[in-house]
Amino acid sequence: METGGIEQDIDENDIVVSGEKTYAAGVPAVLVSLRRGVEQMGAVRTVRTLSALNQRTGFDCPGCAWPETPGHRKHAEFCENGAKAVAEEATKRQIGPDFFAAHSVAELSERTDYWLGRQGRLTHPMVLRPGATHYEPIDWDAALQLIADELRALASPDEAAFYTSGRTSNEAAFVYQLMIRSFGTNNMPDCSNLCHESSGTALQESIGIGKGSVSVPDLENADLILIAGQNPGTNHPRMLSVLEKAKANGASVIAINPLPEAGLLRFKDPQKVHGVIGDGVVIADDFLQIRLGGDQALFQGLARLLLEAEDRAPGTVLDTAFIADHCAGFDAWADHVRRVDLDTVLAATGLTRAQLDATAAALIASKKTIICWAMGLTQQTHGVATISDATNLLLMQGMMGKPGAGVCPVRGHSNVQGDRTMGIWEKAPETFLAALDTEFGISSPRRHGYDAVEAIRAMRDGRVSVFMAMGGNFVAATPDTEVTEAALRRCSLTVQVSTKLNRSHLVGGRTAVILPSLGRTDKDRTGGRTQVVSVEDSMSAVHLSRGGLTPVSEHLRSEVAIVCGLAVALFGSDHRVPWAEFAADYDRIRDAIARVVPGFGDFNRRVREPDGFVLPHPPRDERRFATATGKANFVVNELHWLPVPQGRLILQTMRSHDQYNTTIYGLDDRYRGVKGGRRVVFCHPDDITEAGFRAGDRVDLVSEWPLPGGGVEERHAADFRLVPYPTPRGNAAAYYPETNPLVPLDHVARRSNTPVSKAITVRLQRRS
Ligand SMILES: Nc1nc2c(c(=O)[nH]1)N[C@H]1C(S)=C(S)[C@@H](COP(=O)(O)OP(=O)(O)OC[C@H]3O[C@@H](n4cnc5c(=O)[nH]c(N)nc54)[C@H](O)[C@@H]3O)O[C@H]1N2
Ligand SMILES: Nc1nc2c(c(=O)[nH]1)N[C@H]1C(S)=C(S)[C@@H](COP(=O)(O)OP(=O)(O)OC[C@H]3O[C@@H](n4cnc5c(=O)[nH]c(N)nc54)[C@H](O)[C@@H]3O)O[C@H]1N2
Ligand SMILES: [Mo]
């Protein structure tokens, strides 16, 4: 067994650029998965884990929220990046008290995220006492007591905030929110706030539920699939097999993206012979190289063209029966969209009129259309309006609640959707809170709590002084790194429930605690029996996840055990909620969920069916819309887009092929042709020249943020190599989290409050 982590460092700036790839997956992907696994886990553990991945009796892949095809799980249903996610967690390397005695927090702070993540699994509860230089071990009871004491000492429960990342199981999320509400606050920032909040906000208003309306079979049987603002080749690789099947069934796919992402243009399925030896399948029939933030204009422009086509040939474009029976607000919306200026649409999108017409023609020809999207749409100032307009475009043709059609927000974290269903929501609806109160005899607070950005502001301003995180890496995932770090340092206590070492352990409050938890791959023997948990995927399917590996340390506890243990320390053992029973038998938690959360009736039985079960989705199932009007709403949205200021670039921050959010697996981005480093900025070659630079030059990035009273606030991120890349003029791209110091805390999407990570005004500055 390896202990003590890895000492050697690597030059993380030895960057080689070789030009972007035009296909994704194939043989290199298989080799990379196996190598990564063996390196971290050893051969036996590699075979055992990868063969249990996403199988009916195995564990849910912690990589992404893409679903399994029901009834079709085949052997080796994993992808290169799923394998990396698993290897990252199932590693045999571990770091315990010796490691923390050998490395001060100051020293660890100098290390890169890549280095931190490579050290291994956390094994012991650790505490950093006020003024101390090193973390020291603390036993579980003392750690939980310390946290409970700090929480009880607060003047108000609202002085605490509880973050959730999206890997937390349904069972752990349910008891976590129950503990937080029993304590008395709704301060539940979560990674959804940073991710698909814009989707939830828009869909809730348009169709009455914040979730996608399609299934895998819908995608496979669609006529037309638009994929906007998403890079599935890297972030949802198993989606490519579904798209391939859809294409074999006759679907057209249109990719809408500023970048020609490899998976969208060509895909080699590593699990099929033709993928291994051939050229692969071209996934996208059409590629609309849109400018950053141009999507809302595109959707409105297309809607106008469709209305005009209907005028020319009435009864051929719109689904007038659907609009009449199921929708509200059509006339006002149609009036608005007819006035959209098509020249503005062309300027905003950077597309040609011919491209616009061809896309409109494709929509008109299609009887079954699906729009898929991810962060390229949500993390924009006008993200909610953009998604709302995508939904309007589908509604006008009745593309909702029928096979092969609908909205498909592709979620990120493997259980981010389930966590929300379980009540991890700073503004959970009254129906949920009332059911919770009835079940447990508690009085859940009704005041809305803080979301992620509000939680940072509250810590910055001293309104929150205890911060606890169930997974994730808050300080690296959130915007405005300098402000967020200072906010966390102001806290009296920060608590991280984690599997791996990350930046958030190094930027803590006066006291900082690390609680090491089991992950998805680990066997969970809480209470002396084998426990299973459940998750909900991007398409509302709920199924079991059962880890099979022996945990690397006997000191690890499950997230459920940690929450229930803390609740007992906080409320005593004769509390209304049976915390100890919950921890001893997760079936008890599921029984409670069955009574509180709609759609979970008979949970324990149904989740043990081979494919689990699918939650109800009224628009999908019966064209029923629980909105204020009782109908699907056409929503009028003012048009926004992103003109590029003179001498500036608009920067999007995205994922490389070798990372999972803030976890850096490696320093390569194979599909984009970058090797050996992450501090690169992709720019149009003419923008590089115009700014007076050459390819390969090293620059500092300076973001500019207008202040309300006039003037401009600047933020800096140092030393990025210029990489010429086929991105639209005026649009640049670089990796997150290195670029998070550039994102102003107040730069958020209207209504969803999601940080605008995909549109930051920057200038390139010569390194001094
Ligand atoms: N391997 C791996 N898998 C992951 C993750 C990971 O980090 N690694 N993260 C998980 C999580 S939490 C999430 S949320 C998802 C993220 O999945 P994605 O949303 O695919 O992730 P990003 O890398 O942020 O990519 C955004 C894509 O949108 C495009 N884009 C940016 N701005 C715009 C725009 O204005 N308009 C349009 N049309 N396109 C735009 C970018 O060029 C890029 O292709 O992936 C999940 N899966
Ligand atoms: N600039 C910019 N910023 C962004 C984004 C962007 O595109 N651009 N994307 C945003 C998005 S979409 C998201 S979802 C967030 C992601 O934000 P987070 O979810 O907060 O970040 P992750 O990097 O996924 O968290 C990784 C850490 O989670 C812990 N972990 C992993 N598995 C488990 C587990 O099973 N249990 C527990 N307790 N801990 C575990 C490990 O310690 C690991 O270090 O980042 C957001 N930030
Ligand atoms: Mo995400």
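A residue is called buried here when its relative accessible area is under 20%, exposed when that area is over 50%, and partly exposed in between, using a 1.4 Å probe and protein chains only. Phe600, at 0% relative accessibility, counts as buried. Before we go on, please note that this is a predicted model, in which local features need pLDDT of at least 70, side-chain atom pairs count only at pLDDT 80 or more, and totals for chains, interfaces and linings use all residues. Residues are numbered from 1 along each chain as its sequence is written, chains are lettered from A and ligands numbered from 1 in the order in which they are written, and side-chain values use heavy atoms, leaving out hydrogens and water.

Let us begin with the sheet. Strands (E, at least two residues) and helices (H or I, at least four) are DSSP runs, numbered from the N terminus. Two strands pair if DSSP finds at least two bridges between them. Strands of a sheet pair through backbone hydrogen bonds, either parallel or antiparallel. Here, an open sheet of 5 strands runs in the order β11-β9-β8-β13-β14, with parallel pairing. At its edges you will find β11 (286–288) and β14 (406–409), each pairing on one side only. On average, neighbouring strands of this sheet are turned by 15 degrees against each other, direction ignored; the axes behind such angles are lines fitted to C-alpha atoms, for helices over the stretch in contact, and angles run from 0 to 180 degrees between N-to-C directions.

Inside this sheet, strand β8 (residues 224–228) and strand β9 (residues 252–256) pair in the parallel sense over 5 bridges. Leu224, for instance, has Ser252 in β9 as its bridge partner. Helix α9 (residues 197–207) lies across β13 (369–373) and β14, and runs at about 160 degrees to β14.

Now for the aromatic rings. Rings of Phe, Tyr and Trp (its six-membered ring) pair if their centres lie within 6.5 Å; planes under 30 degrees apart count as stacked, over 60 as edge-to-face and the rest as tilted. By this rule there are 19 aromatic pairs. One of them joins Phe162 and Phe183, edge-to-face, at 6.4 Å centre to centre with 75 degrees between the planes. Because Phe162 lies in strand β7 (residues 160–164) and Phe183 in helix α8 (residues 170–183), the pair ties together parts that are 21 residues apart in sequence. Phe162 is buried, with a relative accessible area of 1%, and Phe183 is buried too, at 15%. The rings of Phe600 and Phe603 also form an edge-to-face pair, since their centres are 4.9 Å apart and their planes stand at 75 degrees. Phe603 counts as buried at 1% relative accessibility.

Elsewhere, Phe99, Phe100, Trp115 and Tyr135 form one aromatic cluster. The charged end of Arg111 sits over the ring of Trp115, 4.0 Å from its centre; this requires NZ of Lys or CZ of Arg within 6 Å of the ring centre and within 35 degrees of the ring normal. The charged end of Arg167 sits over the ring of Tyr660, 5.0 Å from its centre.

Last come the cysteines. A disulfide is a pair of cysteine sulfur atoms within 2.5 Å, and the structure holds 0 disulfides. The sulfur of Cys408 has its closest cysteine sulfur in Cys372, 3.9 Å away, too far for a bond. Cys408 is buried at 3% relative accessibility, and Cys564 is buried at 2%.

Conventions
Contact = heavy atoms within 4.5 Å.
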